[in-house]
Amino acid sequence: MPLFLAKPYIKKALREEGESEAAIAMVKKVSKIKIMTVANGSEKMLKDYANYLKDNNYEDWATIKHDGDNVNIRVKQKGEMINNMLITVNSKKIWCFWMLKVSLPQMILLK
(Lines give C-alpha, C1' and ligand atoms only; values in the text may rest on other atoms or scores of the structure.)
Protein backbone atom coordinates (compact mmCIF):
# COMPACT_ATOMS: atom_id res chain seq x y z
CA MET A 1 0.00 0.00 0.00
CA PRO A 2 1.41 3.43 -0.85
CA LEU A 3 2.37 5.48 2.19
CA PHE A 4 0.16 8.42 1.24
CA LEU A 5 -2.85 6.08 1.49
CA ALA A 6 -1.70 4.52 4.76
CA LYS A 7 -0.96 7.75 6.68
CA PRO A 8 -4.63 8.66 7.37
CA TYR A 9 -5.26 5.18 8.81
CA ILE A 10 -2.12 5.38 10.96
CA LYS A 11 -3.10 8.81 12.29
CA LYS A 12 -6.65 7.63 13.05
CA ALA A 13 -5.33 4.58 14.93
CA LEU A 14 -2.96 6.76 16.97
CA ARG A 15 -5.81 9.13 17.89
CA GLU A 16 -7.98 6.20 18.95
CA GLU A 17 -5.11 4.94 21.15
CA GLY A 18 -4.94 8.36 22.82
CA GLU A 19 -1.56 9.44 21.44
CA SER A 20 -0.61 13.12 21.58
CA GLU A 21 -0.97 15.39 18.57
CA ALA A 22 2.84 15.80 18.58
CA ALA A 23 3.25 12.04 18.06
CA ILE A 24 0.63 12.07 15.33
CA ALA A 25 2.38 15.02 13.61
CA MET A 26 5.57 12.92 13.40
CA VAL A 27 3.77 10.58 10.99
CA LYS A 28 3.88 13.46 8.47
CA LYS A 29 7.68 13.35 8.61
CA VAL A 30 7.87 9.73 7.39
CA SER A 31 8.32 9.53 3.63
CA LYS A 32 9.00 5.81 3.13
CA ILE A 33 8.62 2.56 5.08
CA LYS A 34 10.18 -0.80 4.26
CA ILE A 35 9.24 -3.87 6.29
CA MET A 36 10.99 -7.23 6.18
CA THR A 37 10.25 -10.31 8.26
CA VAL A 38 12.73 -13.17 8.56
CA ALA A 39 11.97 -16.59 10.03
CA ASN A 40 14.73 -19.00 11.05
CA GLY A 41 17.54 -16.52 10.44
CA SER A 42 21.12 -17.69 10.78
CA GLU A 43 24.13 -16.40 12.72
CA LYS A 44 25.70 -15.40 9.39
CA MET A 45 22.69 -13.23 8.64
CA LEU A 46 23.05 -11.49 12.00
CA LYS A 47 26.74 -10.88 11.34
CA ASP A 48 25.94 -9.44 7.90
CA TYR A 49 23.27 -7.22 9.50
CA ALA A 50 25.73 -5.94 12.12
CA ASN A 51 28.25 -5.16 9.36
CA TYR A 52 25.56 -3.29 7.40
CA LEU A 53 24.77 -1.13 10.43
CA LYS A 54 28.44 -0.37 11.01
CA ASP A 55 29.19 0.36 7.35
CA ASN A 56 26.17 2.67 7.04
CA ASN A 57 26.81 4.67 10.24
CA TYR A 58 23.70 3.72 12.21
CA GLU A 59 23.77 4.77 15.87
CA ASP A 60 22.14 2.65 18.58
CA TRP A 61 19.53 4.80 20.33
CA ALA A 62 17.56 2.34 22.43
CA THR A 63 17.28 -1.34 23.27
CA ILE A 64 14.18 -2.65 24.99
CA LYS A 65 14.08 -6.19 26.39
CA HIS A 66 10.85 -7.85 27.45
CA ASP A 67 10.09 -11.54 28.03
CA GLY A 68 13.04 -12.65 25.90
CA ASP A 69 12.14 -10.35 23.00
CA ASN A 70 14.33 -7.42 21.95
CA VAL A 71 13.43 -4.15 20.25
CA ASN A 72 16.33 -2.07 18.92
CA ILE A 73 16.03 1.47 17.61
CA ARG A 74 18.88 2.81 15.50
CA VAL A 75 19.15 6.08 13.63
CA LYS A 76 21.25 7.52 10.85
CA GLN A 77 21.62 11.25 11.03
CA LYS A 78 23.46 14.25 9.64
CA GLY A 79 24.03 16.92 12.25
CA GLU A 80 20.81 17.36 14.22
CA MET A 81 18.52 15.85 11.56
CA ILE A 82 17.55 12.18 11.61
CA ASN A 83 17.35 10.83 8.06
CA ASN A 84 16.69 7.12 8.61
CA MET A 85 15.36 5.10 11.49
CA LEU A 86 15.71 1.33 11.74
CA ILE A 87 13.55 -0.57 14.21
CA THR A 88 14.42 -4.23 14.74
CA VAL A 89 12.21 -6.63 16.68
CA ASN A 90 13.63 -10.08 17.34
CA SER A 91 11.82 -12.88 19.06
CA LYS A 92 13.67 -16.19 19.17
CA LYS A 93 13.98 -17.18 15.48
CA ILE A 94 11.75 -14.45 13.98
CA TRP A 95 13.06 -10.99 13.16
CA CYS A 96 11.12 -8.02 11.86
CA PHE A 97 12.93 -5.02 10.38
CA TRP A 98 11.25 -1.64 9.86
CA MET A 99 13.25 0.92 7.91
CA LEU A 100 11.77 4.42 7.94
CA LYS A 101 12.99 7.27 5.78
CA VAL A 102 12.27 10.38 7.83
CA SER A 103 13.20 14.01 8.16
CA LEU A 104 13.06 14.69 11.90
CA PRO A 105 15.01 17.06 14.11
CA GLN A 106 16.73 15.00 16.81
CA MET A 107 15.16 17.10 19.56
CA ILE A 108 11.62 15.93 18.68
CA LEU A 109 12.49 12.37 19.69
CA LEU A 110 14.37 13.37 22.82
CA LYS A 111 11.37 15.18 24.37
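Author: Two strands count as paired if DSSP finds at least two bridges between them. The model discussed here is predicted.

Reader: In which sense do strand 1 and strand 5 pair, and over how many bridges?
Author: Strand 1 covers residues 30-39. Its Lys 34 has a bridge partner in strand 5, Met 99. The sense of the pairing is antiparallel, and the number of bridges is nine.

Reader: How many bridges join strand 4 to strand 5?
Author: Strand 4 spans 81-91 and strand 5 spans 94-105. The two run antiparallel. Asn 90 stands opposite Trp 95 of strand 5. The bridges that join strand 4 to strand 5 number ten.

Reader: Which residue takes a positive phi in the hairpin of strand 4 and strand 5?
Author: This hairpin has two residues between its strands. Most residues other than glycine have a negative phi. Here phi is positive, near 55°, and the residue is Lys 92.

Reader: In what order do the elements run from the N terminus on?
Author: The protein has four helices and five strands. From the N terminus on, the order is α-α-β-α-β-β-β-β-α.

Reader: What share of contacts between residues at least 6 apart in sequence join residues at least 24 apart?
Author: The C-alpha trace spans about 40 × 30 × 30 Å along its principal axes. Of the 111 residues in the protein, 26% are buried. Among the contacts you ask about, the share is 44%.

Reader: What does Leu 3 touch, leaving aside residues up to four places away in sequence?
Author: Leu 3 is a member of the largest nonpolar core. Val 30 belongs to that core too. With those sequence neighbours left out, Leu 3 touches Val 30, Ser 31, Lys 32 and Ile 33.

Reader: Are the rings of Tyr 52 and Tyr 58 stacked, edge-to-face or tilted?
Author: The structure holds two aromatic pairs. In the pair of Tyr 52 and Tyr 58, the ring centres are 6.1 Å apart and the planes lie at 35°. Planes under 30 degrees apart would count as stacked, and those over 60 as edge-to-face. At 35°, therefore, the pair of Tyr 52 and Tyr 58 is tilted.

Reader: Which residues lie nearest the centre of the largest pocket?
Author: The largest pocket has a volume of about 630 Å³. Its lining has 22 residues. The elements that give two or more residues to this lining include helix 1 (3-16), helix 2 (21-26), strand 2 (59-66), strand 3 (69-78) and helix 4 (106-110). Nearest the centre lie Met 26, Val 30, Met 85, Ile 87 and Leu 100.

Reader: How far apart in space are Ile 24 and Pro 2, C-alpha to C-alpha?
Author: Ile 24 is found in helix 2. In sequence, Ile 24 and Pro 2 are 22 residues apart. In space, C-alpha to C-alpha, the distance is 18 Å.

Reader: Is Ile 24 buried or exposed?
Author: Not counting residues up to four places away in sequence, Ile 24 touches Lys 11, Leu 14, Arg 15 and Glu 19. The relative accessible area of Ile 24 is 2%, so this residue is buried.

Reader: Where is Asn 57 found?
Author: Phi of Asn 57 is positive, near 60°. With a relative accessible area of 57%, Asn 57 is exposed. Asn 57 is found in the loop between helix 3 (43-55) and strand 2.

Reader: Does Asp 67 count as buried or exposed?
Author: Asp 67 lies in the loop between strand 2 and strand 3. Although not a glycine, Asp 67 has a positive phi of about 50°. The cut-off for exposed is over 50%. Asp 67 has 66% relative accessibility, so it counts as exposed.

Note on methods: Residues numbered from 1 in each chain as written. Predicted model: local features only at pLDDT ≥ 70, side-chain atom pairs only at ≥ 80, totals over all residues. Heavy atoms only, no water. Core = buried A, V, L, I, M, F, W, Y, C linked by side-chain atoms within 4.5 Å. Buried < 20%, exposed > 50% of the residue type's maximum accessible area, 1.4 Å probe, protein only. Contact = heavy atoms within 4.5 Å. Phe/Tyr/Trp six-rings, centres within 6.5 Å; stacked < 30°, edge-to-face > 60°. 1 Å grid on protein atoms, 1.4 Å probe; cavity = no way out; pocket = protein on both sides within 12 Å on 5 of 7 lines; lining within 4 Å. Points joined across faces, edges and corners; volume = space filled by probe spheres on them.
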